[in-house]
Amino acid sequence: MTATTPPTGGADTLAPGLEHDSPEPITLEMGDAPIVGAAASFQPSDDPSIKPFSYCATDAELANLKQRIAATRWPERETVDDDSQGVRLGTIRKLADYWLNQHDWRKIEARLNGYPNFVTKVDGLDMHFIHVKSKHENALPLIVTHGWPGSVIEQLKIIEPLTDPTAHGGKVEDAFHVVIPSMPGYGFSEKPSTAGWGPERIANGSIELMKRLGYGKFVASGGDWGALITDFIGVQAPPELLGIHTNMAGAIPPEIDAAAFAGAPAPEGLDEEERYSFDHVSFFYKHGLGYAQEMAARPETLIGLADSPVALAAWIIDHDIWTYRQIARVFDGEQMGLTRDDIVDNITLYWLTNTGVSSARLYWENKNAFFAPKGVKVPTVVSAFPEEICPIPRKWAEAAYRQLLYYRKHQQGAHFAAWEQPSAIVDDLRTGFQSLR
């Protein structure tokens with residue numbers, strides 16, 4: 001793959017001046033009225049390489065986005081009465097109508113800027129992260145990593161319950177300091193201009209970030225790509241790492257995973273829970289893997305993601321059938337764990353930062369089986385949700401994570417658990433890591 005160098009200035013960079021030693025806030029300045037927000041008043045350490053950060057899209061960019069949505073050239077309706085051909089025309093038109101006529105980016109922008117945001121250079125790339133410290137002195141440091149097509153927006157709902165537990169049904173001893181990075185090529189982090197940024201390298205960068213913030217001990221959590229990265233943090237097992245949490249466990253036994261991928265019948269001897277998991281992941285491999293295969297093979301071909309906001313939206317919401325069906329129901333008017341604003345806020349972030357293609361390259365970089373055990377060496381907390389791509393049974397988790405600290409099977413929830421079922425994730429983090437404090 002040919003390396004791509006991002007242009008200077010604009011939405012593809014973190015703005016001029018990142019090399020300066022000045023503690024002045026860094027603003028991703030998109031217009032004439034940048035805002036600095038709460039980040040400017042919070043310095044996480046004495047390291048001058050860590051700079052406050054904020055973001056403001058220009059009115060012209062937001063107007064251009066609306067114009068592009070309005071000018072969408074629509075295809076004809078699908079020829080079936082189900083979702084077997086992909087995102088249904090009725091669903092994406094409802095999303096586009098909401099995006100065009102009701103969505104207000106400024107609300108989520110203000111919310112993002114209301115948290116302490118920073119940027120620092122890690123392994124040669126500028127990494128953006130949110131860092132919210134608890135008021136409770138003995139809070140446990142936690143790094144939470146998002147996935148694709150997620151972003152730091154995916155994790156916002158868990159910040160207050162984790163950092164201020166006494167205001168959200170918890171106890172002082174439940175408190176966490178929370179660090180939420182944007183992965184390289186995602187959101188406000190820099191886009192790699194050379195190959196080599198796979199999940200192992202991102203994991204190493206996450207460890208470096210936590211050390212730079214001065215944390216002598218910490219735990220890690222993630223879903224989707226964040227789950228792989230968190231697993232690899234657990235494989236590297238630096239002395240500062242106490243344990244990890246995952247809501248997409250890498251725990252399918254190799255022979256079962258191979259049968260599912262090949263479209264073969266379920267192996268003999270599976271119990272009811274294992275068979276449910278096998279059927280789920282088999283369906284995904286057969287019907288839902290296309291987006292990942294295209295990004296793994298030819299990410300640069302997806303130039304339409306940089307040119308058409310509606311193309312980007314359709315690509316993003318077709319991640320897995322269970323999440324897609326939830327999204328379709330949301331735009332049909334149902335009240336779900338995800339809201340219309342949740343969905344469109346996240347898509348808009350991808351659009352404004354032009355990260356549709358740069359985020360896809362992570363699939364090209366990855367050489368690992370998503371659901372295979374990675375050899376995690378540290379205590380592990382596992383959350384299992386019934387509509388995950390592969391809901392992991394306890395026996396699989398016990399075999400894959402030799403120091404399984406805590407396991408919980410939830411009654412509802414799908415792939416983007418922190419976004420859709422934040423209280424469940426918060427409960428698992430509080431309870432699961434209790435013994436490590």
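Asn354, whose phi is positive, near 50°, comes directly after helix H13, helices being DSSP runs of H or I with at least four residues, numbered, as strands (E, at least two) are, from the N terminus. The model is a predicted one, in which local features need pLDDT of at least 70 and side-chain atom pairs count only at pLDDT 80 or more, while totals for chains, interfaces and linings use all residues. Residues are numbered from 1 along each chain as its sequence is written, and side-chain values use heavy atoms, with hydrogens and water left out.

Helix H13 itself runs over residues 340-353, and its 14 residues reach 20 Å from the first C-alpha to the last, close to the 20 Å expected at 1.5 Å a residue; the expected span is 1.5 Å times one less than the number of residues. Of these 14 residues, 12 are buried, where buried means under 20% relative accessible area, exposed over 50% and partly exposed in between, with a 1.4 Å probe and protein chains only. The buried residues include Ile343, Val344, Tyr350 and Trp351.

One partner of H13 is helix H12 (residues 321-331), whose axis comes within 9 Å of that of H13 and crosses it at roughly 115°; axes are lines fitted to C-alpha atoms, for helices over the stretch in contact, and angles run from 0 to 180 degrees between N-to-C directions. Ile327, Val330 and Phe331 of H12 meet Arg340, Ile343 and Val344 of H13, contact meaning heavy atoms within 4.5 Å.

Asp342 also lies in H13, and it counts as buried because its relative accessibility is 9%. Leaving aside neighbours within four places in sequence, Asp342 is in contact with Lys157, Gly337 and Trp419.
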